[in-house]
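The following exercises are intended for a reader who meets this structure for the first time. Each task is followed by a solution in steps.

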Amino acid sequence: MKKIISRREFLKYLGSVLTLETIFMKSEGWSNEEKKEFYGLLVDITKCIGCRRCERACAEANGLPIPDISEEKNKEVFKTLRDTSTIQYTVINKYETEKGTVYVSRRCMHCNQPGCVAACLVKAMRKRETGQVTWDLNCIGCRLCMISCPFSIPKFEYEKAIPKIQKCDLCFDRFNKGLIPACVEACLTGALTFGKRRELIEEAKRRIKSDPDRYIPYIYGEYEVGGTCVLYLSSVPFEQIGFNTQLGYEPYPKYTTGFLYAVPFIFILWPLAMLGFRKAVEGGKKYREEEKKD
Ligand code: SF4
Ligand code: SF4
């Protein structure tokens, strides 16, 4: 009989559980922006016209179903507030406010110290030196990242036989090729700006100072949960347009650590069981294919 998961593999993944401490220590190091230059996105809500070109560009760049962004379709889409999903990494929502209609882009915030990364036992979620929070194919579908995200961003492919987590990775592959994220490239109004986080904050402050009637004097993401690489400028208070303004400034890995140590050990081992199951499914499939060849 074929061996589906070796002892070495099992110990390797068990090791990843036992080195949680190391993961948390490393994540604390990311808060030092002097050492690492994070890149990010400045979303200027006052400039967004709700065309959804960013949604379409995101789908094209990631091989996802292409949304209909005709004016007619947009009217229908904006009747409900949408969340991101496994096939939509960024969505635009419409809000009626004291300052008129406002369109808000929802997406992964690429936290400076991400709860999702701290919680991921197999390091499928990673905070890159340049700020992006990416996910890898070794995701075992344990969903600890979902529980640990203050913005409820990671989404799980419940409908798939071997499900994984999906979310925006700020076009990390494009970044490595020297390209800006697809959504930024597609936006014609200047609502999305990609750049170094430090410079984006300077730019946001400059805009607030030069046009105080247009902006409220606050940059969402500058300090929330330890700071995020996606930053927002708005004309109306953020709590009026779907933002959680009660998150505080403490990084989430702090809470995640407490959470993980508080859960029964079986839940820590659960991902390993799922990994074993996944290996079994993959191994079984491979075995059947090989048998067919013989
Ligand atoms: S918003 Fe959630 S998924 Fe995105 S980096 Fe932060 S913790 Fe991770
Ligand atoms: S492409 Fe730009 S203007 Fe159009 S919906 Fe997206 S962010 Fe708004």
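Helices (H or I, at least four residues) and strands (E, at least two) are DSSP runs, numbered from the N terminus. The model used throughout is a predicted one.

**Exercise 1. Describe helix H3 and its surroundings.**

Step 1. Helix H3 comprises residues 53-62, and Cys54, Glu55, Ala57, Cys58 and Ala59 are buried in it.

Step 2. These buried residues pack against E2, helix H8 (182-186) and strand E8 (192-196).

Step 3. Just after H3 comes Gly63, with a positive phi of about 65 degrees.

**Exercise 2. Characterise the shell around ligand 1 and the place of Cys149.**

Step 1. Ligand 1 is surrounded by 14 residues, the closest being Cys108, Met109, Cys111, Cys116 and Cys149.

Step 2. Eleven residues of this shell are nonpolar, two are polar and one is charged.

Step 3. Domain 1 (7-30 + 112-167 + 252-284) and domain 2 (39-110 + 170-241) each contribute at least three residues to the shell.

Step 4. Cys149 is found in the loop between helix H6 (144-148) and strand E6 (155-156). Its relative accessibility is 14%, so Cys149 counts as buried.

Step 5. Cys149 and Pro253 are 104 residues apart along the chain, and their C-alpha atoms are separated by 9.3 Å.

**Exercise 3. Why does the largest pocket lie between domain 1 and domain 2?**

Step 1. The largest pocket has a volume of about 300 Å³. Its lining consists of 19 residues, of which Arg106, Ile241, Gly242, Phe243 and Asn244 lie nearest the centre.

Step 2. Strand E2 (91-97) and strand E3 (100-106) each supply at least two lining residues. E3 gives the most, with three residues.

Step 3. The lining contains ten nonpolar, five polar and four charged residues.

Step 4. Both domain 1 and domain 2 give residues to this lining, so the largest pocket lies between them.

**Exercise 4. Determine whether Thr86 is buried or exposed, and list its contacts.**

Step 1. Thr86 occupies the loop between helix H4 (71-77) and E2.

Step 2. Thr86 counts as buried because its relative accessibility is 14%.

Step 3. Residues up to four places away in sequence being left aside, Thr86 touches Leu64, Lys155, Phe156, Glu157, Glu159 and Gln166.

**Exercise 5. Summarise the chain as a whole.**

Step 1. The chain contains eleven helices and nine strands.

Step 2. Of its 294 residues, 49% are buried.

Step 3. Among contacts with a separation of 6 or more, 63% join residues 24 or more positions apart.

Definitions and conventions. Residues are numbered from 1 along each chain as its sequence is written. Chains are lettered from A and ligands numbered from 1 in the order in which they are written. This is a predicted model: local features need pLDDT of at least 70, side-chain atom pairs count only at pLDDT 80 or more; totals for chains, interfaces and linings use all residues. Side-chain values use heavy atoms; hydrogens and water are left out. On a 1 Å grid over the protein atoms alone, a cavity is a set of points where a 1.4 Å probe fits but cannot get out, and a pocket is an open set with protein on both sides within 12 Å along at least five of seven lines; lining residues have an atom within 4 Å of a point. Grid points are joined across faces, edges and corners, and a volume is the space filled by probe spheres set on the points. Ala, Val, Leu, Ile, Met, Phe, Trp, Tyr, Cys and Pro count as nonpolar, Asp, Glu, Lys and Arg as charged, and the others, Gly among them, as polar. Domain bounds come from an automatic or database domain assignment. A residue is near a molecule or strand if one of its heavy atoms lies within 4 Å of it. Buried means under 20% relative accessible area, exposed over 50%, partly exposed in between (1.4 Å probe, protein chains only). Contact means heavy atoms within 4.5 Å.
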